[in-house]
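Please consult the sequence and the structure shown below alongside the text.

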Amino acid sequence: MTARTDQAFDAEELRTVVAEALELPLDEVTDDARFKEDLEVDSLISLEIAVRVEERYGVKIDESRLAEIGSFRLVRELIEAELNGASAT
């Protein structure tokens, strides 16, 4: 992954980005809801979320890690780790 640090990270804003990608109400995008199992979205949603995350935050999620995008919590943790790592360098 690569990240730019000029965008401030806000978890609630990210929740909105993910909800829009999932085409779900914001209150259904909880930390523990699993996209594929609980929310019953198709497998392309991981790619859609990755594209929107890259557009908004400049964080590119490698294809090998797309399977990790299974819940909002995992998306948030991936982005936080990348942004924290980028700001430390």
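Over the face of which residue does Arg 56 lie? Arg 56 lies over the face of Tyr 57, at 5.1 Å from the ring centre; a charge sits over a ring if NZ of Lys or CZ of Arg is within 6 Å of the ring centre and within 35 degrees of the ring normal.

The model is predicted, with local features requiring pLDDT of at least 70 and side-chain atom pairs pLDDT 80 or more, while totals for chains, interfaces and linings use all residues. Residues are numbered from 1 along each chain as its sequence is written, and side-chain values use heavy atoms, without hydrogens and water.

**Arg 15**
- Arg 15 lies in helix H1, helices being DSSP runs of H or I with at least four residues, numbered from the N terminus.
- Arg 15 counts as buried because its relative accessibility is 13%, where buried means under 20% and exposed over 50% (1.4 Å probe, protein chains only).
- Its side chain reaches the backbone oxygen of Val 29 at 2.4 Å.

**Glu 23**
- Glu 23 is found in the loop between helix H1 (11-22) and helix H2 (45-57).
- Although not a glycine, Glu 23 has a positive phi of about 55°.
- Glu 23 counts as exposed because its relative accessibility is 73%.

Methods. Helices (H or I, at least four residues) and strands (E, at least two) are DSSP runs, numbered from the N terminus. A polar contact is a pair of N or O atoms within 3.5 Å; within protein, one must be able to donate a hydrogen and the other to accept it, and residues adjacent in sequence count only if both atoms are side-chain atoms.
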